[in-house]
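Here are a few exercises to work through with the model open beside you. Try each task before you read its solution.

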Amino acid sequence: MRQRLLLSCVLVVVGVVVMGTVPAHANDTKGVVIEKSFLQSVQDCVEYLRIPRHRMAQYLAYEFPPDEETKCLIYCVGTDLRWWNNTCGLQFPAIVNYFQPVLGDRQYEKRTRECVERTMRSGRVLNNCCQAYETFQCYFKEFGNLVTCPQYVPATKLQATQAALDCLTMLRVPVDLLQCYSRGNVPDVPETRCMYHCIDLRTGLYNSETGLQLPRFYVRDLASDDLRYLSKETKVCRDRIRQSGCDVCSEVYQTHQECLAGLGENGYTSGLITEAAKIALTNLGVCCAGHVEPSPEQGYSYASYQRVEVPCQACASQAPVAIVPPPPEHTTFKPTPKQPCSCKDKPLNTVLQSRLYPTSEMESFKPDPFAKRPPANHRQQMVYYPAPEVTPCPQTPSPQKPMFSTFSGRPMGQRPHGPYLSGSYKPKSL
């Protein structure tokens, strides 16, 4: 397998040299996942910085002379691939992805570390381009050879927050749970578990074949440089939960709680959910121009459709979705009661008139009781047509609503509307 992978990488390099350009890497990953090779980033930065195209042949031959143009090119590549940061400098977990030590070399780490320390202690005042270039040269000369295949590029906090916001929207998380998230409280409910799964899937940290990809978590938490992500104990913990028979949402959530707790940046995923919920609540008050503001959905979510028949051992804390009791700290959450007379209860023409005429105009509006009609003898006559009687909307009391789950909004013992056939539904006894 390894030989096959190396052969494919060699073919990519041959194609680059022959065609004189870096081919775009076609991948079918989901969401905002980015996989990029070093040479692909070089080509992008040549265009960003408007460097003459003829210099690409030199860079494709892995020649990076110490001129100002090339130094800023390497700085651009480091920023693009996340291994350079102006505040923190070198991001070790990201840069080692792009270098492969020579087989049998046991001193490459020591030589590289000493080279970087000499650069930092030189006493010279270096700009960002020079710092990034000289740090790259230490790895290029001392650590090993450049890897030619595309590597995982971690999402920035801004990109990851957008991914979390997309998940909140796609999974249709209820408003009351959004308010809970926005206060920094991320309870263990089915919607939260599916949020963890969606975020990790969308940012490339999870796939259905291998589960959570621990090396990518190591690269994600750049500043922490926590090698425990790659330890045998963490892998065994992940595999144990994966083989326990949980549904995918519970698998991801339980792995975060039991295997990744205390590793890397504390509260990374829950922090994304909190920030995304704040944005989502703000967006609820933004109305598109020319459109009537929709009322927020009450109750239904993607997670409420996922009914767990038998809780697995590793996820025994999760009750079946059909009978989730309200968490003690959120017993005050209540669905918004239905108004006695809503727009969907009114005749269609009344709804259209309410959109065409303001309330003040509707009160003073009266249809014209007279109309002209040409008689048979072609003489104009005034014919009186009485104004139609306006039947007021009946003020019927709202029916008693059944009890809802705290976050799902689904009546107890009933299957929700959605991708299911209509009819009565009785949950299986657990």
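## Exercise 1: the largest cavity

Helix 10 (190-202) and helix 14 (268-284) each put at least two residues into the lining of the largest cavity. A quick note before going on: this is a predicted model, where local features need pLDDT of at least 70, side-chain atom pairs count only at pLDDT 80 or more, and totals for chains, interfaces and linings use all residues. Residues are numbered from 1 along each chain as its sequence is written, and side-chain values use heavy atoms, with hydrogens and water left out.

Task: work out which helix gives the most to this lining, and how the lining divides by class.

Solution. 
- Start with the terms: helices (H or I, at least four residues) and strands (E, at least two) are DSSP runs, numbered from the N terminus. A cavity is a set of points on a 1 Å grid over the protein atoms alone where a 1.4 Å probe fits but cannot get out, and lining residues have an atom within 4 Å of a point.
- Next, the volume of the largest cavity is about 70 Å³, and the count is four cavities of 30 Å³ or more.
- Now list the lining: Tyr-152, Ala-155, Ala-160, Ile-199, Asp-200, Thr-203, Leu-205, Arg-220, Tyr-268, Thr-269 and Leu-272.
- Helix 14 gives the most, with three residues.
- Sorted by class, the lining has seven nonpolar, two polar and two charged residues. Here Ala, Val, Leu, Ile, Met, Phe, Trp, Tyr, Cys and Pro count as nonpolar, Asp, Glu, Lys and Arg as charged, and the others, Gly among them, as polar.

## Exercise 2: a helix crossing

Task: describe how helix 4 (residues 68-80) and helix 7 (residues 128-143) cross.

Solution. 
- Two packed helices are described by the angle between their axes and the distance between the axes.
- For helix 4 and helix 7, the axes come within 8 Å and cross at roughly 75°.
- Helix 4 is therefore roughly perpendicular to helix 7 (65 to 115 degrees).
- Contact (heavy atoms within 4.5 Å) is made by Glu-68, Thr-70, Lys-71, Cys-72, Ile-74 and Tyr-75 of helix 4 and by Asn-128, Cys-129, Cys-130, Ala-132, Tyr-133 and Phe-136 of helix 7.
- Split by class, those contact residues come to eight nonpolar, two polar and two charged.

## Exercise 3: positive phi

Solution. 
- Both have a positive phi without being glycine: near 60° for Arg-50 and near 50° for Asp-225.
- Arg-50 sits in the loop between helix 2 (38-48) and helix 3 (56-60), while Asp-225 sits in the loop between helix 11 (214-220) and helix 12 (232-242).
- The cut-offs are under 20% relative accessible area for buried, over 50% for exposed, and partly exposed in between (1.4 Å probe, protein chains only).

## Exercise 4: a loop residue

Task: find what Gln-91 touches, not counting residues up to four places away in sequence.

Solution. 
- Gln-91 lies in the loop between strand 3 (89-90) and helix 5 (92-95).
- Its relative accessibility is 7%, so Gln-91 counts as buried.
- Its partners are Arg-82, Trp-83, Trp-84, Asn-85, Leu-222 and Ala-223.

Definitions and conventions. 1 Å grid on protein atoms, 1.4 Å probe; cavity = no way out; pocket = protein on both sides within 12 Å on 5 of 7 lines; lining within 4 Å. Points joined across faces, edges and corners; volume = space filled by probe spheres on them. Axes fitted to C-alpha atoms, helices over the stretch in contact; angles between N-to-C directions. Parallel < 35°, antiparallel > 145°, perpendicular 65-115°, else oblique.
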